[in-house]
Amino acid sequence: MLVDDGSKAGSSGSSSRRSRPADDGEAARRRKRRTTLTRPWLLLAPSLIVLAGLLLWPLIQVGKLSLQDYKVKFGGGEATFTGFDHYKDLLTGELLWKTVLPNTVFFAFACVGLTVALGTAVALLLNRLGPTWKLICSVSILAAWAMPAVTGTYVWIWLFSPEDGMISQLADSLGLIDAETTNWFTERLPFYAIATINVVHHGFPFVAITVLAGLLTIPKELYEAGEIDGANAWQRFWNITVPTIKPVFLVVTILSTIWDFKVFTQIFLMPGGSGSNPDVYNLGVYSYIEAFAKNDYGAGAAAAVLLTLLLLAITIVYIRTLFRQGEEDL
Amino acid sequence: MKRRVIAAGCIALTLGLTATACGDDGGDSGDNGGKVEGKGKTLTVWIMEGTNPDPRPFFKEVGAAFEKKTGAKIKVEYQQWATAQKKFTTAIEGGEDQVPDVAEVGTTWVPQFAETEALVDVTDDVKKAGLNNDLVEGLKDAGTLDGKQYGMPWYAGVRSIVYRKDIFEKHDLKPPTTWKELQATAKTLKDKEPGLIPFPVAGGAEMFATPFIWGAGGELATQDGEKWKSAINSPEAIKGIEFYTGLATKDKVSPAKVNTWTEKEVGDAWNKGQVAMAIGGNWTPKAITDANPKLKGKLGAVPIPGEKGGMSKSFLGGSYLSAFNTDKKDLAWELVKLMTTGEFAAKWAKQTNYFPGQNSELKKIEGQKDPLVEPFAKQMIEAGATVPKTKAYGEIQASQVVTGMVQSILTGKSSVKDAADKAAKDMDEIFAKDK
């Protein structure tokens with residue numbers, strides 16, 4: 001339909017063009033400029049409308065909600081405008097600065113670092129394997145990737161479950177802990193260590209597959225040249241592999257950062273993670289508890305907006321770095 | 001989407017019409033006289049999954065009886081306890097089109113739903129039907145706010161103490177009748193049965209802790225006019241919390257793994273035969289013996305002892321059947337009445353191992369003298385308690401204030417006093433917000 005409109009406009013233009021050539025050329029140019037300006041938007045419109053409906057509208061609603069006190073009523077709620085009260089409460093609260101933000105940020109960075117390191121190591125391994133072993137290893141890491149977060153979390157809880165879990169028993173028999181008096185889920189550090197293992201285990205396959213794809217694009221000649229110059233494996237990795245596929249590392253790092261900042265399921269499902277242990281709140285869980293446990297939708301929305309802003313900041317860094325990378329390549 | 005739902009509804013209605021039309025050919029003897037006429041209508045009913053192991057046959061019977069009585073059909077939709085409250089809230093926000101006509105509503109949810117004006121006030125209907133004097137008092141009270149009753153008590157349960165009769169007999173132990181005895185029994189069990197958990201102090205189970213708060217004479221919160229104020233850090237409440245958590249921290253009759261357990265994990269441990277004695281609901285013994293038939297005949301029950309004899313109060317939890325403010329509320333009340341009284345109420349209670357909400361039906365059960373039922377019935381009639389009747393308390397529960405307090409004591413992160421003070425502060429914040 002869009003194309004139709006364009007061609008019709010074109011033909012009607014050509015019919016009038018004949019009468020006054022000079023003026024006509026000007027008009028045609030203007031029309032052409034208009035078409036080049038509008039056509040991309042027209043073509044983008046369907047997807048933009050869908051995105052606006054699915055993402056922008058809810059985002060605006062959450063923003064609006066964060067400025068209100070909202071009360072559920074039969075057949076439609078009542079909202080009272082409260083200005084920036086929820087943000088003030090959130091940002092002046094001790095819980096945010098001492099627990100929620102540190103948990104969110106440190107956990108995300110630990111997860112990202114470990115995910116990228118492990119993923120890269122696995123990619124390097126896969127790159128060196130023969131076809132059979134490559135297939136076997138790829139299938140096993142894909143299985144880790146395909147595991148739903150809920151199932152994965154329960155498996156890790158089960159392995160670490162105090163006294164009876166396999167890892168607890170192992171640590172006890174090695175004399176590291178006393179299984180009867182140790183409960184790893186009640187303390188912040190062990191709790192997040194287990195969550196980190198869980199998230200890294202779930203996240204590294206993506207990094208491995210992506211980095212492997214990058215590795216396959218590196219010409220063999222580079223390594224051969226390096227070898228002739230006497231570079232060892234470590235030097236070849238840092239001086240050939242890393243610089244060549246830097247964009248790939250950028251993508252996986254920043255995507256992992258975004259994902260690991262908003263981890264919710266893996267924390268919420270762990271013992272004590274759903275609210276009874278405030279020491280282990282992260283932004284996602286905190287926002288959920290405020291909104292859906294305390295029915296304080298405004299405060300929950302404010303926490304969600306804060307998380308969105310954090311992610312937005314990371315995304316801006318991501319996009320700018322990518323574009324800068326593109327310019328360098330040119 | 002909406003249009004499709006409407007279309008489906010129309011089809012269902014048409015089918016319903018023809019079906020009832022065919023059914024009526026046999027000739028109705030006219031016992032519909034004066035009753036609500038519901039021919040061609042269908043009531044949507046939300047029922048919680050898991051209370052009755054197999055509720056389908058029950059609702060088939062109810063559906064048949066209801067259709068015979070009013071001509072209307074019922075459509076039962078099963079809901080999960082874990083997510084139902086949010087689903088209700090969303091439906092209420094959506095209004096008349098989205099709420100069910102009749103639903104099972106947990107007693108602690110009634111204040112929240114009633115405040116939104118979604119539930120039908122049935123006080124007069126209950127009186128008219130002559131039912132108001134036959135309802136179990138604690139249950140009737142749980143769903144009554146400002147003198148308005150929002151539904152009919154359907155079934156209820158209560159927690160007491162469940163113990164291993166065979167183990168107790170082996171070591172010549174008697175079921176405890178005071179807190180001191182409870183403590184001593186648990187300690188003996190720890191010495192003599194090292195493979196079993198003597199008395200789990202489950203950090204994630206709110207209703208394991210509350211009997212000790214109430215038993216020491218404390219309260220969770222108190223009401224002064226319209227306002228609620230926390231009382232969980234009163235000297236009495238603290239004494240109860242101290243005793244309960246002390247069982248784990250001082251007497252060590254509950255290992256560290258139990259610190260993060262909820263009732264589900266305690267149940268799992270029972271099923272594996274790892275527990276000697278624990279707080280448990282009237283539904284627990286059957287659940288245990290179903291999962292582990294080896295324990296059949298080896299379980300006993302006793303009311304939760306008071307500090308110095310008598311009984312400690314225990315949470316009287318249950319479900320209401322409530323009608324929602326839809327255009328079919330008269331018909332809905334007929335269904336509520338049918339299910340919460342007489343034959344169907346008794347049948348449901350029997351199938352689920354819960355207690356009915358009618359005194360007359362409850363007496364019948366007590367009269368059967370079943371040793372795994374009677375102690376619970378006694379606890380329910382004589383020592384049942386409800387949590388503060390306000391929407392705010394639902395939020396306090398959802399944000400796990402009491403379990404959070406217990407856990408922070410069990411893990412040694414705070415003293416009993418500090419933890420209780422913090423819990424009181426958290427509660428008061430939520431009360432203040434919800435004025």
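1. In this predicted model, Val45(B) stands opposite Val76(B), a residue of strand 2 of chain B. The two strands concerned, strand 1 (residues 42-48) and strand 2 (residues 73-79) of chain B, run parallel and are joined by seven bridges.

2. Turning to the interface, 34 residues of chain A are in contact with 33 residues of chain B. The size of an interface is often given as the accessible area lost when the parts come together, and for chain A and chain B the buried area is about 2,600 Å², with carbon and sulfur atoms giving 50% of it. On the side of chain A, Phe74(A), Ser276(A) and Lys294(A) supply 26% of the area that this chain buries against chain B, which is more than any other three residues.

3. As for specific interactions, the count between chain A and chain B is five salt bridges, one of which pairs Glu117(B) with Lys73(A), where the closest N and O atoms are 3.6 Å apart. Between these chains there are also 18 residue pairs in polar contact, counting those with both residues at pLDDT 80 or more.

4. On the side of chain A that touches chain B, the elements giving two or more residues are strand 1 (68-71) and helix 13 (283-293) of chain A, and helix 13 of chain A contributes the largest share, four residues. By residue class, this side of chain A divides into twelve nonpolar, 13 polar and nine charged residues.

Methods
Residues numbered from 1 in each chain as written. Chains lettered and ligands numbered in written order. Predicted model: local features only at pLDDT ≥ 70, side-chain atom pairs only at ≥ 80, totals over all residues. Heavy atoms only, no water. Pairing = 2+ DSSP bridges. Contact = heavy atoms within 4.5 Å. Buried area = accessible area lost by both parts, 1.4 Å probe. Salt bridge = Lys/Arg side-chain N within 4 Å of Asp/Glu carboxyl O. Polar contact = N/O pair within 3.5 Å; in protein donor to acceptor, adjacent residues only side chain to side chain. Nonpolar A, V, L, I, M, F, W, Y, C, P; charged D, E, K, R; others polar.
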